[in-house]
Amino acid sequence: MLRIAVPNKGSLSEPASAMLHEAGYRQRKDRRELVLVDAENEVEFFFLRPRDIAVYVGSGKLDIGITGRDLLLDSGSPAEEILQLGFAGSTFRYATRPGTAKDVSEFGGMTIATSFSGLVRQHLVDNGVDASVVHLDGAVETAIQLGVAEIIADVVETGTTLRNAGLEIIGEPILKSEAVVIRGTGAPDDDPKVRQFLRRMQGVLVARRYVMMDYDIRVEHVEKAVGLTPGLESPTVSPLHHEGWVAVRSMVPSKDAQRIMDELYDLGARAILTTGIHACRL
């Protein structure tokens, strides 16, 4: 069986399980379950702490896993990302009191508090900066107030929490993270079970981004209409019983669907319909 690590809690857990369910895999009904066997799909799921997933996958104990890019890099584990999943996005940045420093190049001799010590140490090395790093498990914004550090490094969404603590974001982002599928760096890249899993997950990603659009239009306007709905390869165009009209079917980005419908209507298209896509293979 393919052995897959899945986050058991936190911001990664529910979106990961939802995506796996959309991909046709069984998922646990009881959050206390640590192992779930999906015999029909020949997969065994292990529900683990998100921070530990890269370690298990990198050691070869599990074949692949879903975790955050930040957690993967912070672990230092011999694992690599092989697919971006498009959820749990975050930005990792430095912050400090105004006037302390403007950029990572000015951190020399200072102390940085963070929950991602491995990631920060590597970033400092990459920038040639000699600074100390203190590992904290959470609420790092209080480290400066309590005199533990001059700088903090943490996940930033709106920056409101940092501003409320009297801090400002400085420098360029350390990392932009999201949920990713990972495997061990020494794992073969031609494993058919892994390839099948990736195809399913890619199918979910496409299904979430696109809708199927159907419409009727007169023959003389087909070329302009197809220009609006080119599809992934090309649209399907079928003659209608009513002479001079054709039916067109094409995949279009869901975020643009309403605008495209308006433009098609202005072009003379009628019976314009959109339907959701639950799964696909490209």
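Biologist: Which strand is Glu44 found in?
Modeller: Keep in mind that this is a predicted model. Going by its DSSP runs, Glu44 is found in strand β3.

Biologist: Is Glu44 buried or exposed?
Modeller: Leaving aside neighbours within four places in sequence, Glu44 is in contact with several residues, including Met1, Leu2 and Val35. Its relative accessibility is 18%, and the cut-off for buried is under 20%. Therefore Glu44 counts as buried.

Biologist: How much accessible area does the nonpolar patch on the surface have?
Modeller: Leu34 belongs to that patch, together with Met1, Val35 and Val37. Taken together, those residues have an accessible area of about 340 Å².

Biologist: Within what arc do the buried residues of α1 fall?
Modeller: The buried ones in this helix, residues 13–22, are Ser13, Ala16, Ser17, Met19 and Leu20. Looking down the axis of α1, you'd see them line one face of the helix, because they fall within an arc of 160°.

Biologist: Which exposed residues are on the face of α1 turned away from its buried side?
Modeller: Start with the covered side: the buried residues of α1 have β1, β3, β4 and α7 among what covers them. Turn to the face pointing away from that buried side, and the exposed residues there are Glu14 and His21.

Definitions and conventions
Residues numbered from 1 in each chain as written. Predicted model: local features only at pLDDT ≥ 70, side-chain atom pairs only at ≥ 80, totals over all residues. Heavy atoms only, no water. Buried < 20%, exposed > 50% of the residue type's maximum accessible area, 1.4 Å probe, protein only. Helix = DSSP H or I, 4+ residues; strand = E, 2+ residues; numbered from the N terminus. Arc of directions from axis to C-beta. Contact = heavy atoms within 4.5 Å. Patch = residues over 30% accessible without salt bridge, like charges linked within 9 Å, V, L, I, M, F, W, Y side chains within 5 Å. Areas by Shrake-Rupley, 256 points an atom, 1.4 Å probe, with all protein chains shown as cover. Salt bridge = Lys/Arg side-chain N within 4 Å of Asp/Glu carboxyl O.
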